[in-house]
Amino acid sequence: MTLRPDFRRAGASAFSLVELMVSATIVSFVTVGFLTYMRYAGISALNVTNQAVYNQQAGNAATLIVQRTRLCHSFSVQNSGGTLVIDIDDDPTTDSDGDGNLYNDPDHQETFQFSDADSDPATLTDNTLSYKPTATATAQLLARRISRIGGANYFAATSTKTVSLSFAVSGGDNSARGQRVEIISSASRLN
Ligand SMILES: [Ca+2]
Ligand SMILES: [Ca+2]
Ligand SMILES: [Ca+2]
């Protein structure tokens with residue numbers, strides 16, 4: 001007896017149309033799953049990057065306010081807590097106001113100001129924090145999309161030496177999801 005391979009059965013065991021359709025469906029599911037993962041991984045990475053930017057922006061602004069306030073010899077909170085004006089003595093060897101104190105001269109003023117052009121706190125686009133290094137200097141933008149934290153004023157003098165600081169910077173001006181960083185701090189003058 002001679003044994004021969006069954007080529008007819010071998011041909012019948014190749015992929016059928018149904019098997020091809022099932023495998024194609026599985027490949028489609030895997031592809032869609034991978035693309036979905038990549039999309040949300042990209043969004044997540046973007047959110048992390050944006051949050052870092054907001055953190056840095058808010059932190060830098062707060063640090064500048066604290067550092068400059070430490071150097072002033074007096075300050076005033078104006079505009080219902082929206083403006084902080086600090087008085088700086090530029091020359092400790094000169095008593096420019098002639099009162100016998102070398103360190104209390106109003107040689108120049110610096111201004112930190114929270115602005116809301118449309119007077120609507122809910123529209124964040126025009127809510128800004130700016131800094132003027134002198135009374136006549138052009139205002140520098142420190143942060144955008146500012147809002148209050150609760151009902152607290154941005155600035156509040158807690159004593160003649162210390163001013164409290166409270167503000168939030170929110171995201172949302174691009175495709176990333178809404179993010180927010182809150183700054184609650186205080187600044188004290190050393191002079
Ligand atoms: Ca002086
Ligand atoms: Ca003086
Ligand atoms: Ca507004």
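In E5, which residue is the bridge partner of Ser 130?

A: The bridge partner of Ser 130 in E5 is Leu 141. The structure is a predicted model, in which local features need pLDDT of at least 70 and side-chain atom pairs count only at pLDDT 80 or more, while totals for chains, interfaces and linings use all residues. Residues are numbered from 1 along each chain as its sequence is written, while chains are lettered from A and ligands numbered from 1 in the order in which they are written.

The bridge between Ser 130 and Leu 141 belongs to the antiparallel pairing of E4 with strand E5 (residues 140–144), which extends over 4 bridges; helices (H or I, at least four residues) and strands (E, at least two) are DSSP runs numbered from the N terminus, and two strands pair if DSSP finds at least two bridges between them. On the other hand, E4 (residues 127–132) is also joined to strand E3 (residues 108–116), again in the antiparallel sense, by 6 bridges. Within that pairing Thr 111 has Lys 132 as its partner in E4, and Ser 115 has Thr 128.

These strands belong to an open sheet of 5 strands in the order E1-E2-E3-E4-E5, with antiparallel pairing. Its edge strands are E1 (74–78) and E5, each of which pairs on one side only, and from one strand to the next the twist averages 15°. Helix H2 packs on this sheet, where it touches E1, E2, E3, E4 and E5, and its direction makes about 130° with that of E5 (axes are lines fitted to C-alpha atoms, for helices over the stretch in contact, and angles run from 0 to 180 degrees between N-to-C directions).

Helix H2 itself covers residues 17–71, and its 55 residues reach 81 Å from the first C-alpha to the last, close to the 81 Å expected at 1.5 Å a residue (the expected span being 1.5 Å times one less than the number of residues). Buried residues in H2 are Tyr 54, Ala 58, Ala 61, Ala 62, Ile 65 and Thr 69, where buried means that 20 or more other C-beta atoms lie within 10 Å of the residue's own, exposed that 12 or fewer do, and partly exposed the range in between, with C-beta atoms placed from the backbone.

Ile 146 has Val 169 as its bridge partner in E8, and 2 bridges join E6 (residues 146–147) to E8 (residues 162–170) in an antiparallel arrangement. Val 169 is in turn bridged to Val 181 in E9, and E8 pairs with E9 (residues 180–188) over 9 bridges, also antiparallel.

Notes
Two residues are in contact if their C-beta atoms, placed from the backbone, lie within 7 Å.
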